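This report describes the structure shown below. The contact between chains is treated before the fold of a single chain and the setting of one residue.

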Amino acid sequence: MSKTYWNAPVASSEPQGPILEIKGLSAGYGPMRVIHDLDLVVRPGERLGVVGLNGHGKSTLFLAIAGLTGWQRGSIKLNGREVGGSRSQGPGRYTHLIVRQGLAVMPQGDEIFHGLTVEEHLDSGAFTPRAWRERAPRKERILAIFPPLRKLMKVPVGRLSGGERRMVSIGRGLMVDAALFLVDEPSLGLAPKIGKGVMEALMAIELGSSAMIIAEQNVALLEGRVDRILGMHVGTLKGEASTSLASQTKRDL
Amino acid sequence: MDLGFVIVSAVTLACIYGTLAIGISITWSSLGLINMAYGLTFATAGYGAWLVGDQLQAIDAISDTTWIVGPIVILAGILTGAACGVVICAVTFIPIHDKPNFTVRGLIASLAVSLIGTQVLLQVFGPRAKSLPPLFGDWELPIGNVVITADKGGAMISSIVLLALALRWMKSSRRGLEIRAMMMNPHAASLVGIGVRRTGFYVMALTGALAGLASVLLSQTYYISPFSGLTPLIKGLSVALLGGLGSVNGAIVAAVILGTNEALTSALLGGQYALITQFLLIIIVLLFRPRGIAGILDKAREA
C-alpha cells in the first residue's frame with residue numbers, strides 16, 4: 001500500500017474518480033444479514049446524508065467499509081483501491097490498513113479509550129508519521145473548532161459528558177487528512193442544542209476533495225445542508241434526493 | 001526477628017514480582033491473552049544470560065570486572081526474553097487472535113508452548129541447575145542497622161529504573177500510546193490505524209524483556225533450571241490477579257503487599273509457609289474486591 005495516499009486527495013486538483021464506490025455489498029454478523037446487495041458512489045467534495053431507522057444498517061454500512069463486520073462480500077473501492085472483498089471471519093484484522101488508506105471513522109457511542117486524556121486521544125488519531133510530527137498544530141486546529149475541549153485536555157475521556165465525547169471523537173477523526181469521513185449519528189443521545197452545535201462543526205469542516213457521509217435519524221438536522229440524502233431501509237438504500245428537494249421528493253421508504 | 005532484613009527482602013521481592021506481574025497484566029489487557037508461557041520466557045532468558053555470562057567468564061581480561069560483565073549479562077537476559085516473547089507471540093497469538101473464544105484457546109496454546117519449550121530446555125541444557133556470576137559486585141550498604149547487600153540493592157535499583165523507563169516509554173511514545181489504547185478498547189484501536197498484530201509483537205517483546213530482567217535479577221538468589229519459570233509464573237499471576245488484571249498501578253501495590261507477606265512469613269513461620277499465607281491473603285482480598293485491588297479503578301478489559 002502506498003504511503004503517500006492519505007495526502008493525495010487534498011492536494012490534487014485534477015478531476016478524479018469517486019472517493020468511494022460500493023458494488024453489491026452484503027454484510028452481517030453470524031447468521032444475520034444486515035446489508036443486502038448495496039450499491040453506493042460518493043464523489044469528491046460531497047457531503048452525503050444517510051437517514052433511516054434503528055437497526056436498518058446505517059452503522060453496519062460504516063463498519064463494513066472499515067472491515068469490522070462479522071462477515072461481508074462485495075466490492076468496496078476507496079480512492080480506487082479495493083478494500084472490500086469476501087471475508088467470513090476476522091473482523092478488524094485489516095481495519096488498520098483500510099483506515100490508513102484515508103478513512104476516518106467517527107463512531108457512535110463509546111468507541112473511545114476511557115482512561116486516555118483528551119490530548120492523548122487526539123494524539124492517537126494522528127497515526128501517520130506526518131500527522132504525528134505535526135500533531136501540535138493539528139491539535140490547535142481542532143481546538144479552534146471545539147473550544148470547550150481546550151480546558152479539558154488533561155482530563156480522562158471517561159469523565160466527559162456525551163457532547164464533549166462526541167467532540168473528542170470527531171476531533172480524533174480530523175487529526176489525519178482523510179479522504180472519506182464516516183460520521184455515525186453525531187446527534188445521538190445529545191441535547192438538541194448540543195447536537196446542533198456538533199452538526200454545525202461538521203458542516204464547517206472544509207472537505208476539499210475529500211468526502212463525508214453522515215448517518216442520522218433526524219432528517220431535519222441534515223436538510224438543506226448536505227448535498228444528497230439517501231434513505232436506508234432494511235439494509236438497502238432507497239430513494240435519492242438532492243437536499244433542496246428532500247422534503248418534497250416522494251421517497252420509497 | 002530482624003526487621004531491617006525483612007524490609008529489605010520484602011522490597012527486593014516486591015520489585016521482582018512487580019516486574020513479572022506488570023508483564024502479565026499488560027499482556028492480558030492489551031492482547032486478551034493470559035500468557036502461560038511467561039514462565040518459559042523467564043527460564044529461557046535465564047539461560048540466555050547464562051550462556052553470555054559463561055562466554056564472558058572465559059575471557060580472562062574482563063572476567064573479574066563486574067561493571068562490564070553485569071550490564072552485559074543483564075542485557076543478554078532482557079534481549080533473550082524479548083526474543084522469546086516475540087516467538088511466543090508468533091506461535092500463540094497471531095494464528096488465533098481473531099478466532100472465536102480466543103481467551104481459552106490462547107491460554108491453552110501458550111500452556112502448550114510452555115510445556116514444549118520447557119522440555120526443549122531440558123533436552124538442550126540438561127537438568128543441572130546453572131548459576132549466574134554475581135552481577136552487582138560485592139559491596140554492602142549499611143543504613144542504620146539495616147545492611148543492604150549487593151545483590152538485593154542491585155536488584156532493587158535496576159528493576160525500579162528499568163520499570164520506570166518502560167512505563168515512561170509507554171506514557172510518552174507513539175508505540176506506548178498504541179499499546180495503552182489497545183489495553184482500553186481493542187475494537188476502537190483498529191479505527192485509529194493501530195494494527196492488532198503489530199502491536200501484539202511490541203507488547204510481547206516488552207513483556208518478554210520484563211520477564212528477562214526479572215529472571216536475571218532473581219537468579220542472583222536462585223538457580224537457573226528448565227523448570228525455574230514455574231514459581232515466578234505462579235507468583236506473577238497471583239500478584240497480577242491480586243492487583244486486578246490489566247492494572248499496572250494495582251500490580252505495583254499488590255507486589256508490595258505480597259513481597260511483605262512473603263518476607264514476614266519467612267521470618268516468622270519459615271519459608272515453606274510462604275505460598276500458603278500468600279494464597280490465603282489473595283483469597284481474603286478477592287472476597288472483598290473480586291476484581292482485585294485496582295480492578296474497579298482502572299476499567300480493564302471485560303473477561
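## Polar contacts and the salt bridge

Between chain B and chain A of this predicted model, 4 residue pairs are in polar contact, both partners having pLDDT 80 or more. On the chain B side of this contact, the elements that contribute two or more residues are helix 6 (174-184), helix 7 (186-191) and helix 8 (196-218) of chain B. By residue class, the side of chain B that touches chain A consists of 10 nonpolar, 6 polar and 7 charged residues.

The rule identifies 1 salt bridge across the interface of chain B and chain A. A salt bridge joins the side chains of B:Arg180 and A:Glu120, with an N to O distance of 3.0 Å.

## Extent of the interface

Chain A supplies 27 residues to the contact, and chain B supplies 23 residues. The area buried between chain B and chain A is about 2,200 Å², and carbon and sulfur atoms account for 62% of it. Of the area that chain B buries against chain A, 29% comes from B:Arg174, B:Leu191 and B:Val192, more than from any other three residues.

Chain A contains 10 strands and 9 helices. The chain has 253 residues, 53% of which count as buried. When contacts in chain A between residues at least 6 apart in sequence are considered, 67% of them link residues at least 24 apart.

The accessible surface of chain A amounts to about 10,800 Å². Carbon and sulfur atoms hold 55% of that surface.

## The setting of A:Trp71

A:Trp71 lies in strand 4 of chain A, which covers residues 71-78. Is this residue, A:Trp71, buried or exposed? The relative accessibility of A:Trp71 is 18%, and A:Trp71 therefore counts as buried, since the cut-off for that class is under 20%.

Methods. Residues are numbered from 1 along each chain as its sequence is written. Chains are lettered from A and ligands numbered from 1 in the order in which they are written. This is a predicted model: local features need pLDDT of at least 70, side-chain atom pairs count only at pLDDT 80 or more; totals for chains, interfaces and linings use all residues. Side-chain values use heavy atoms; hydrogens and water are left out. Helices (H or I, at least four residues) and strands (E, at least two) are DSSP runs, numbered from the N terminus. Buried means under 20% relative accessible area, exposed over 50%, partly exposed in between (1.4 Å probe, protein chains only). Contact means heavy atoms within 4.5 Å. Buried area is the accessible area (1.4 Å probe) that two parts lose on being put together, summed over both. A salt bridge is a side-chain nitrogen of Lys or Arg within 4 Å of a carboxyl oxygen of Asp or Glu. A polar contact is a pair of N or O atoms within 3.5 Å; within protein, one must be able to donate a hydrogen and the other to accept it, and residues adjacent in sequence count only if both atoms are side-chain atoms. Ala, Val, Leu, Ile, Met, Phe, Trp, Tyr, Cys and Pro count as nonpolar, Asp, Glu, Lys and Arg as charged, and the others, Gly among them, as polar. Accessible areas come from the Shrake-Rupley method with a 1.4 Å probe; for residues, only the protein chains shown count as cover.
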